[in-house]
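User: Could you take a close look at one spot in this protein for me, and then show me how the rest of the chain is built around it? I'd like one connected explanation, please.

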Amino acid sequence: MATPLSDTPLSPLKTIAVIGLGTMGTGITEVLARAGREVIGIDIGEAQTAKALAALEAATARAVERGRLTEEERAGALARVRTATDLAAAADADLVIEVVPESYEIKHQIFRELDGIVRPETILATGTNALSVTRLAADSARPERVLGLHFFNPAPAMKLVEVVSSVLTAPGAVAAVTDLAIELGKEPVAVGDRPGFVADGLLFGYLNQAAAMYEARYASREDIDAAMRLGCGLPMGPLALLDLIGVDTARTVLEAMYAESRDRLHAPAPVLKQLSEAGLTGRKAGRGFYTYEAPGSGTVVPDALTPAEGAAAAAGREVRSVGVAGSGTMASGIAEVFAKAGYEVVLAARSEEKAQTAKARIGKSLARSVDKGRLTAEAAAQILDRIAPAGSYDAFADVDLAVEAVAEDLEVKRQLFATLDKVCKPGAVLATTTSSLPVVACARATSRPQDVIGMHFFNPAPAMKLVEVVRTVLTADDVHATVREVCGRIRKHPVDCGDRAGFIVNALLFPYLNNAIKMVQEHYASLDEIDAAMKLGGGYPMGPFELLDVVGLDVSLAIEKVLHREFRDPGLAPAPLLEHLVAAGCLGRKTGRGFREYARR
């Protein structure tokens, strides 16, 4: 009787075959060769193997130029790579990694052929990010030696590797591959077998919603992408990322996820099918959501959908003075932004004391900028002098633009807008900074709904470049033009969107956060694994649980409820775990405990 793999010490994985020498396969080959492994690169045609070798030579030459590799190390790495066009070349491999197209038929055929070629102890790894590892393993003569090894693109740069076990995988195989990943300088995360695993499981739902948002003409592709880059600190916008991944690949991943979850958020947006079937698959085709200089190029070129530079728009109203209503962090941050841009600012709160406290907070912020050398003491003093605190909204009588930044409570905001309607002069623009409430409800509290618009700043307002400009069906063209002009003057990037729950950023961000909570709730992965996966595999500045604890679990739950109420999608229902933590008073960093515990300040 054969010794089970879990009890058999595995020899180090020294010789590795990589099947499929596209972008990912070539990247994995480079990583392995640079780490001292003997690599056999296999593809069906000599043209593809030659292309892969040329790409390897170019990539390692760049590494030498940048001082990341010596010429001697480069020569050694290239010498360790040999290519072939026949699977028989994998006969001596300790590990085989297949990175062929996402098709069960193609992958099954490769695994069946490998069964008759490789040694009994050889580990077979699939690079799939969409298909069932269990299904692939079950069709193999050695299911205990089949697992998933999911690298991220570009493989040489991205640290994350997901090591995927099926119910059939032997622990010894998982241990051997995990050790290899560590030796390659990667950070392995152990996950179970479900479509998308951790990183893509969260990422592709978000990308799909962005595609649906674009398809519904809610916002332009440029504004959706700018909103997520500037509002969330992401390295790429979702539509540009879909073009990079491949629209057809994204559709395949989503189909697999939907087949498993039956969650409507995973049902591929129809635009993905339309683009795929038209051959507009993204960068590799030269056209997808955007148009590129050439197939394979990352350089976007103008097309029929590109906004015209300096396109004629309605003339805006003159704005010389600004009123900011509120005394919290957001109100003081917005007042600081306007004062820095040269506007005279009235900072009004419910009492003179609250207004003075808010101005003092701005003084401290400016002092920090002076300490860091970003401002002179004289400039800071001039900025602070432009801010006049007031204990009554009557001080807004002469402002040209009034911006409310009070509590996220519709009744409170409606009462404030009714007051602004009485005290502000005719023609003044009235803006709300709400992040989730209907702007039109604020507008209807006034006798001049045409003058009301959303102007959603992001926290901290002085640092964050994004402003979502939210038009209602009643907003006048010149009011919209005014706010866009003002955004330019205060050095913010405006994105246009309609008046619906979540606008762009929160409508895409919070379902992603909710899905991360569901993963933990279902014991699929831990907080640390999910946070690591999204930072290392998606380039996110913070993992979802770090971000939830910073935002506040109560705030997050409120936004989730608004989104669920507006869109009526069962997939948007807040995760019960989030509701339980909020009910227990675990609201994140501000209470010292949320998903994690924090030292009290």
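Analyst: Happy to! V100 has a relative accessibility of 13%, so it counts as buried (under 20% relative accessible area, with a 1.4 Å probe and protein chains only as cover; over 50% is exposed, and partly exposed lies in between). This is a predicted model, where local features need pLDDT of at least 70 and side-chain atom pairs pLDDT 80 or more, while totals for chains, interfaces and linings use all residues. Numbering starts from 1 along each chain as its sequence is written, and side-chain values use heavy atoms, with hydrogens and water left out.

Helices here are DSSP runs of H or I with at least four residues, and strands are E runs of at least two, numbered from the N terminus. From V100 to D43 the separation is 57 residues in sequence, and their C-alpha atoms are 9.0 Å apart in space.

For another setting, look at R368, which belongs to helix α13 (residues 352–371). Its relative accessibility is 48%, so R368 is partly exposed.

Now step back to the whole protein. Its secondary structure consists of 22 helices and 18 strands. With a radius of gyration of 28 Å, close to the 25 Å that the globule rule gives for 601 residues, the protein is as compact as a globular protein of that length (the radius is taken over C-alpha atoms, and the rule is 2.2 Å times the number of residues to the power 0.38). Along the principal axes, the C-alpha atoms fill a box of roughly 90 × 50 × 50 Å. Of the 601 residues, 53% are buried, and V100 is one of the buried residues.
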